[in-house]
Amino acid sequence: MDKSKLLLLVLFSILICGVDYRTVNAQLNDSPPFFEEKSTKVRQYTPLELQLESFIGGLRVGEPKQAVEFWILGVNNRSGAIQYTMLSPSLQEKTRSKFEETRWITGQSSPSVNNFRFTNEEKLSESKMRYTVKYDVETSTQNLVSGEKIIIVEKNLEPFRENWFISSITTKYNEWEAFTPAETVIK
């Protein structure tokens, strides 16, 4: 059988079986339904949801410093979505509603945080790093104050998901800064 006939046969088989690229049936720990019952657990994903899941998965980083750098990119662009993606699952769970309340936009237009720089990097263990990051809080005409954040990054130890994520952000309070939902602010 030549390649074009084989391709048509495969496509026709998919069409007959009713496979839809937007349908996801596999779920962990699901028992198969009885023949008499209809499965109500099938989740239909829209193309936009699939695109978003692909985007989030693509932001998984393989180096600890990259997690902080992407988070800083999110802060600079006031993108709560990018900041949230860099957080550990437990920190995401604790802060999701706060990000949603702000419609995933963080910070403020003025004064803004700029000029982030790494001033210390400390290896706490094989799967944990601590970064000290300093930055400026400024308006378009003046530098108001310098700030400092201590960011803990941990390695995800799940099999086949050895990415790094932020598990803690501690910031010294200053009156000019709008802090992000994931930060613990110390006065």
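1. Let's start at a loop: proline 111 lies between helix 5 and strand 3. (Helices, H or I runs of at least four residues, and strands, E runs of at least two, are taken from DSSP and numbered from the N terminus.) The peptide bond that joins serine 110 to proline 111 is cis, with omega at about -5°. Most peptide bonds are trans, and most residues other than glycine have a negative phi.

2. Before going on, please keep in mind that this is a predicted model, in which local features need pLDDT of at least 70 and side-chain atom pairs count only at pLDDT 80 or more, while totals for chains, interfaces and linings use all residues. Residues are numbered from 1 along each chain as its sequence is written, and side-chain values use heavy atoms, with hydrogens and water left out.

3. Now the overall layout. The chain has five helices and seven strands. Of its 187 residues, 28% count as buried (buried means under 20% relative accessible area, exposed over 50%, and partly exposed in between, with a 1.4 Å probe and protein chains only). The chain exposes about 13,000 Å², and carbon and sulfur atoms supply 54% of that area (areas come from the Shrake-Rupley method with a 1.4 Å probe; for residues, only the protein chains shown count as cover). Among contacts between residues at least 6 apart in sequence, 45% join residues at least 24 apart; contact here means heavy atoms within 4.5 Å.

4. Arginine 78 sits in the loop between helix 3 and helix 4, and its phi is near 60°, a positive value in a residue other than glycine. Its relative accessibility of 30% makes arginine 78 partly exposed. Tryptophan 104 belongs to the loop between helix 5 and strand 3; it too is not a glycine, yet has a positive phi of about 65°. With a relative accessible area of 25%, tryptophan 104 is partly exposed.

5. The largest nonpolar core has 25 residues, of which Trp71, Leu87, Ile151, Val153 and Ile166 touch the most other members. (Such a core is a set of buried Ala, Val, Leu, Ile, Met, Phe, Trp, Tyr and Cys residues joined through side-chain atoms within 4.5 Å.) Two or more residues each come from helix 3 (64-76), helix 5, strand 3 (112-125), strand 4, strand 5 (143-155) and strand 6.

6. Threonine 132 is placed in strand 4, residues 128-138. It is buried, at 10% relative accessible area. Beyond its neighbours within four places in sequence, threonine 132 has contacts that include Arg117, Phe118, Glu148 and Ile150.

7. Finally, the largest pocket, with a volume of about 670 Å³. A pocket is an open set of points on a 1 Å grid over the protein atoms alone, where a 1.4 Å probe fits, with protein on both sides within 12 Å along at least five of seven lines; lining residues have an atom within 4 Å of a point. Points are joined across faces, edges and corners, and the volume is the space filled by probe spheres set on them. Of the 24 lining residues, Glu53, Ile56, Tyr84, Thr85 and Gln92 are the closest to the centre. Helix 2 supplies the largest share of the lining, five residues.
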